[in-house]
Amino acid sequence: MDSLSDAPTVILDFIEKYGTQVEVCGAKAKVINGKVIKERSCYDDETKTIRMDEAKDDIEYAKTFKHEFGHFVDDVLGRVSLSEDFENAMDADKYWTNNCTVQGNKNFSIMIEDLKKFDVMDNMYISDILSGVFFNDTKIIEVYENNGMSFYGHDNNTYWFAWEAEEKIVQRETFANLFAIYTSGNMNICAFVEKWFPNTTDRFKKEIEKRVYG
């Protein structure tokens with residue numbers, strides 16, 4: 001929770017109002033083929049529980065916690081990520097970086113260059129957003145590899161098309177990542193997402209303010 005202390009006022013107000021509704025505990029373990037496998041950190045919306053991998057060090061734990069807490073925020077506020085306005089905002093932003101069109105391809109290339117220019121390639125939330133929005137576009141992954149950076153995301157595109165019962169996984173993950181980004185207080189990271197996802201970030205902030213303050 002200390003990692004959220006520098007968050008914008010609206011986030012702090014949310015925590016004060018709803019923070020006691022979430023429980024945090026260790027990730028579950030399963031026995032698969034004679035081996036004990038611990039599940040990844042996740043948010044369980046049925047029990048309002050964040051399950052964390054307690055083997056992580058403090059820095060990694062805090063990074064993951066902020067993302068999972070973002071899923072809790074999305075849930076408590078009535079699933080902002082599943083709203084038509086949020087989806088339309090994401091679609092509008094993706095239109096301008098559609099590398100199947102001439103102008104979109106130019107913008108896409110500039111966005112890739114901005115990853116290094118804004119110094120955000122080491123940010124796990126940025127790469128996870130790009131992984132989902134652009135379905136692991138090889139041009140993006142190559143830039144990370146060429147710069148010796150790890151590309152955080154889901155390397156199997158079936159993840160982004162899965163969860164028929166819980167649709168719009170890209171939107172849900174983007175919301176959680178934006179929450180983590182804005183709680184970090186890093187101006188470069190915020191500037192990058194606001195440049196390349198202006199409609200999405202604007203809608204994200206407006207929806208949170210509207211739903212927290214009524």
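1. Helix α8 is mostly covered, with 15 of its 16 residues buried. The model is a predicted one, and the points below should be read with that in mind.

2. The length of α8 can be checked. At 1.5 Å a residue, its 16 residues should span 22 Å, and the end C-alpha atoms are 23 Å apart, which agrees. Just after the helix comes Gly 185, whose phi is positive, at about 75°.

3. The largest nonpolar core has 53 residues. Those that touch the most other members are Phe 14, Phe 69, Ile 126, Leu 130, Ile 181 and Phe 192. Helix α8 (residues 169-184) gives the most to this core, namely eight residues. As a general point, nonpolar side chains tend to be buried together in soluble globular proteins.

4. Which residues are in contact with Ile 126, leaving aside its neighbours within four places in sequence? They are Leu 115, Val 120, Tyr 144, Ile 181, Ile 189, Phe 192 and Val 193.

5. Strand β5 covers residues 49-52. Thr 49 and Arg 51 point one way from the strand, while Ile 50 and Met 52 point the other way. In a regular strand the side chains alternate between the two faces of the sheet. Are these four residues of β5 buried or exposed? All are buried, Arg 51 included.

6. Strand β5 pairs with β1 and with β4. With β1 (residues 23-26) it runs parallel, joined by four bridges. With β4 (residues 42-44) the pairing is antiparallel, over three bridges.

7. The hairpin of β4 and β5 has four residues between the strands. In this hairpin Lys 48 takes a positive phi, near 55°.

8. The count of aromatic pairs comes to 14. One of them is formed by Tyr 43 and Phe 72, which is edge-to-face, with 6.0 Å from centre to centre and 70° between the planes. Tyr 43 lies in strand β4 and Phe 72 in helix α2 (residues 58-76), so the pair ties together parts that are 29 residues apart in sequence. Both Tyr 43 and Phe 72 are buried.

9. Ring pairs also link a cluster made up of Phe 14, Tyr 18, Tyr 43, Phe 65, Phe 69, Phe 72 and Phe 179.

Methods
Residues are numbered from 1 along each chain as its sequence is written. This is a predicted model: local features need pLDDT of at least 70, side-chain atom pairs count only at pLDDT 80 or more; totals for chains, interfaces and linings use all residues. Side-chain values use heavy atoms; hydrogens and water are left out. Buried means under 20% relative accessible area, exposed over 50%, partly exposed in between (1.4 Å probe, protein chains only). Helices (H or I, at least four residues) and strands (E, at least two) are DSSP runs, numbered from the N terminus. Two strands pair if DSSP finds at least two bridges between them. A nonpolar core is a set of buried Ala, Val, Leu, Ile, Met, Phe, Trp, Tyr and Cys residues joined through side-chain atoms within 4.5 Å. Contact means heavy atoms within 4.5 Å. The expected span of a helix is 1.5 Å times one less than its number of residues. Rings of Phe, Tyr and Trp (its six-membered ring) pair if their centres lie within 6.5 Å; planes under 30 degrees apart count as stacked, over 60 as edge-to-face and the rest as tilted.
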